[in-house]
Amino acid sequence: MERERDQALAFLADLQRAIARLAEHDLTVHLQGDYAPEFARIRDALNAALASLRAALTHVSTTAVRVAATSEQIQSTSAARASAAEQTTAQVQAVSAAS
């Protein structure tokens, strides 16, 4: 009984440290202890959830970079079209004034 209690306390201490690291934005946290089966299932579920969170945040980061790059391209294209429109307007006005 004492051994089971010690295992439970060790697991809870490891879990608390992992959650504290996660709260500090450390997404590299991973429980690795050799726990009794009931705790091993919780360890595995937490590790799977953290892996999914890391994957989701990586996807969000990649998408944000793509959106930023596309936004820059749109801004550059808009500026080029505005400049071309101004030049066309100036040419039309020059032709109108000459007529």
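Modeller: A residue is called buried when its relative accessible area is under 20%, exposed when that area is over 50%, and partly exposed in between. The model is a predicted one, and the account below concerns helix α2, which spans residues 37-98.

Let us begin with Arg-43, a residue of helix α2. Its relative accessibility is 16%, and Arg-43 therefore counts as buried. Residues up to four places away in sequence being left out, Arg-43 is in contact with Phe-11, Leu-31, Gln-32, Gly-33, Asp-34 and Tyr-35.

Asn-47 also belongs to helix α2. Because its relative accessibility is 9%, Asn-47 counts as buried. The side chain of Asn-47 comes to 2.8 Å from the backbone oxygen of Leu-31. Apart from neighbours within four places in sequence, the residues in contact with Asn-47 are His-30, Leu-31 and Arg-54.

Arg-43 and Asn-47 are part of a set: the buried residues of α2 are Phe-39, Ala-40, Arg-43, Asn-47 and Leu-50. The cover over these buried residues includes α1.

The arrangement of the two helices may now be described. The axes of α1, residues 2-23, and α2 approach to within 11 Å and cross at roughly 10 degrees. Angles under 35 degrees count as roughly parallel, and α1 and α2 are therefore roughly parallel to each other. On the side of α1, the contact is formed by Ala-8, Phe-11, Leu-15 and Leu-22. On the side of α2, the contributors are Phe-39, Ile-42, Arg-43, Leu-46, Leu-50 and Leu-53. Sorted by class, this contact comprises 9 nonpolar residues, no polar residues and 1 charged residue. Arginine is counted as charged, and Arg-43 is one of the residues that α2 brings to the contact.

The loop between α1 and α2 contains His-25. Its phi lies near 75 degrees, a positive value in a residue other than glycine. Most residues other than glycine have a negative phi. At 69% relative accessibility, His-25 lies over the 50% limit and so counts as exposed.

As to its extent, α2 has 62 residues. From the first C-alpha to the last, α2 reaches 91 Å, which is close to the 92 Å expected at 1.5 Å a residue.

Gln-73 lies in helix α2 and, with a relative accessibility of 53%, counts as exposed. Gln-73 and Gln-32 stand 41 residues apart along the chain, with 45 Å between their C-alpha atoms. Thr-88, likewise in helix α2, has a relative accessibility of 44% and therefore counts as partly exposed. Thr-88 is 61 residues from Leu-27 in sequence, and their C-alpha atoms are 54 Å apart in space.

In summary, α2 runs roughly parallel to α1, and its buried residues include Arg-43 and Asn-47. By contrast, Gln-73 counts as exposed and Thr-88 as partly exposed.

How values were computed:
Residues numbered from 1 in each chain as written. Predicted model: local features only at pLDDT ≥ 70, side-chain atom pairs only at ≥ 80, totals over all residues. Heavy atoms only, no water. Axes fitted to C-alpha atoms, helices over the stretch in contact; angles between N-to-C directions. Helix = DSSP H or I, 4+ residues; strand = E, 2+ residues; numbered from the N terminus. Parallel < 35°, antiparallel > 145°, perpendicular 65-115°, else oblique. Contact = heavy atoms within 4.5 Å. Buried < 20%, exposed > 50% of the residue type's maximum accessible area, 1.4 Å probe, protein only. Polar contact = N/O pair within 3.5 Å; in protein donor to acceptor, adjacent residues only side chain to side chain. Expected span 1.5 Å × (residues − 1).
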